[in-house]
Each structure stands twice: as structure tokens, then as C-alpha cells.
Amino acid sequence: MKLFSADQIRAWDRYTIEHEPVLSIELMERAAAACTEYIHLHFPSSPFVVFAGSGNNGGDGLAIARLLAQRGHNVLVFQLSGIPLSEDCSTNLGRLKTAGISYQSISDAADIPPPPAANAVVIDALLGTGQNRP
């Protein structure tokens with residue numbers, strides 16, 4: 001498996017958006033669909049818990065949550081609140097709502113859910129390559 005640095009990943013995304021051409025939200029949807037396909041094949045009966053941040057990584061997580069739920073999987077979604085959302089994250093939160101998939105906002109420590117079931121797959125979409133604050 002090849003591992004890429006944050007700068008390399010950002011450069012690949014930028015290149016794809018500029019030369020494909022494809023909008024960043026479409027690129028996010030493609031990535032979410034590919035990830036969902038892999039997850040669906042390898043964890044067909046597991047429940048899922050998605051933790052989504054406010055940036056594009058959070059948008060990825062919300063898209064994956066929506067696609068998993070549309071395939072009939074049990075998905076719990078937790079979205080950090082109180083932080084401005086990136087445009088693509090906001091779009092995917094809207095798509096999640098439109099699909100009728102519920103989510104819980106996390107605004108402080110009291111909102112953090114208990115540990116998930118032992119057989120649950122946790123999807124961490126909190127921080128991505130753009131992390132730039134404490």
C-alpha cells in the first residue's frame with residue numbers, strides 16, 4: 001500500500017479538479033461511493049457509527065453514511081457543531097437530511113455518545129489533510 005503525504009493528496013485532488021474536469025463535490029461523491037463499496041463488501045452485516053467534522057473530510061463521512069444507509073445498513077451519524085462547515089460538507093449534510101437520515105450534533109463533551117457496540121465499524125471523518133487549528 002502506498003501512503004501519501006497531505007500535500008501530495010491535496011495536489012492530486014487539485015490536479016483532478018482542474019484537469020478532469022470535475023467539481024470538488026463530485027470528486028467527493030466518487031470517493032465516497034468507492035469507499036462505501038469496499039465497506040459494504042467487507043462488513044456486510046456490521047452496524048456503522050460515523051463521526052463527521054466540519055471540513056471536507058466530514059463531508060466525505062456524511063456522504064459515506066448516506067450511501068451506507070441507502071444500502072440498508074444501520075448507521076448512526078454524529079456531526080460536530082458550532083464550527084463553520086466547508087461548502088462540500090454543508091452540501092453533504094443537506095443531502096443526508098434530504099435522504100431522511102437522522103444525525104446527532106455534538107457541541108460539547110456531554111453530547112459524546114457512549115462507546116459503540118463491539119461489532120460496529122467506526123468511521124472517523126473528523127480531521128482531514130486541511131487541519132489547521134488546535
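# Briefing: Helix Packing and Nonpolar Cores

The crossing of helix 3 and helix 4 is left-handed. This structure is a predicted model.

**Helix 3 with helix 4**

- Two packed helices are described by the angle between their axes and by the distance between those axes.
- For helix 3 (residues 56-70) and helix 4 (residues 87-98), the angle is about 20° and the axes are 8 Å apart.
- Because angles under 35 degrees count as roughly parallel, helix 3 is roughly parallel to helix 4.
- On the side of helix 3, the contact is formed by Asn56, Gly58, Gly59, Leu62, Ala63, Ala65 and Arg66. On the side of helix 4, the partners are Asp88, Cys89, Asn92, Leu93, Arg95 and Leu96.
- Sorted by class, the residues in the contact of helix 3 with helix 4 comprise 6 nonpolar, 4 polar and 3 charged.

**Helix 2 with helix 3**

- The crossing of helix 2 and helix 3 is right-handed.
- Helix 2 contributes Met28, Glu29, Ala32, Ala33, Cys35, Thr36 and Ile39 to the contact. Helix 3 contributes Asn56, Gly59, Asp60, Ala63, Ile64, Arg66, Leu67 and Leu68.
- The contact of helix 2 with helix 3 contains 9 nonpolar, 3 polar and 3 charged residues.

**Helix 2 with helix 4**

- Helix 2 and helix 4 pack with their axes 10 Å apart, at an angle of about 60°.
- This angle makes helix 2 oblique to helix 4.
- The crossing of helix 2 and helix 4 is right-handed.
- In this contact, Ser24, Ile25, Met28 and Glu29 of helix 2 meet Asp88, Thr91, Asn92 and Arg95 of helix 4.
- The contact of helix 2 with helix 4 divides by class into 2 nonpolar, 3 polar and 3 charged residues.

**Nonpolar cores**

- The largest nonpolar core has 19 residues, of which Phe48, Leu62, Leu68, Val75, Leu96 and Ile123 touch the most other members.
- Two or more residues of this core come from each of helix 2 (24-42), strand 1 (48-52), helix 3, strand 2 (75-80), helix 4 and strand 4 (121-125).
- Leucine 96 touches Leu62, Ala65, Arg66, Val77, Ile101 and Tyr103, when residues up to four places away in sequence are not counted.
- Another core, of 5 residues, lies apart from the largest one and includes Val49, Phe78, Ile106 and Ala120.

**Selected residues: buried, partly exposed and exposed**

- Glutamine 79 is found in strand 2. Its relative accessibility is 2%, so glutamine 79 counts as buried.
- Neighbours within four places in sequence left aside, glutamine 79 is in contact with Ala52, Gly53, Ser54, Leu62, Leu85, Cys89, Leu93, Tyr103, Gln104, Ser105 and Ile106.
- Alanine 69 belongs to helix 3. With a relative accessible area of 24%, alanine 69 is partly exposed.
- At 51% relative accessibility, glutamine 70 counts as exposed, because exposed means over 50%.
- Between the C-alpha atoms of glutamine 70 and alanine 109, which are 39 residues apart along the chain, the separation is 30 Å.

**A cis peptide bond**

- Most peptide bonds are trans.
- The peptide bond from glutamate 20 to proline 21, however, is cis, with omega near -20°.
- Proline 21 is located in the loop between helix 1 (6-19) and helix 2.

Technical notes
Residues are numbered from 1 along each chain as its sequence is written. This is a predicted model: local features need pLDDT of at least 70, side-chain atom pairs count only at pLDDT 80 or more; totals for chains, interfaces and linings use all residues. Side-chain values use heavy atoms; hydrogens and water are left out. Axes are lines fitted to C-alpha atoms, for helices over the stretch in contact, and angles run from 0 to 180 degrees between N-to-C directions. Helices (H or I, at least four residues) and strands (E, at least two) are DSSP runs, numbered from the N terminus. Angles under 35 degrees count as roughly parallel, over 145 as roughly antiparallel, 65 to 115 as roughly perpendicular and the rest as oblique. A crossing is left-handed if the near helix is turned anticlockwise from the far one by less than a right angle, and right-handed if clockwise. Contact means heavy atoms within 4.5 Å. Ala, Val, Leu, Ile, Met, Phe, Trp, Tyr, Cys and Pro count as nonpolar, Asp, Glu, Lys and Arg as charged, and the others, Gly among them, as polar. A nonpolar core is a set of buried Ala, Val, Leu, Ile, Met, Phe, Trp, Tyr and Cys residues joined through side-chain atoms within 4.5 Å. Buried means under 20% relative accessible area, exposed over 50%, partly exposed in between (1.4 Å probe, protein chains only).
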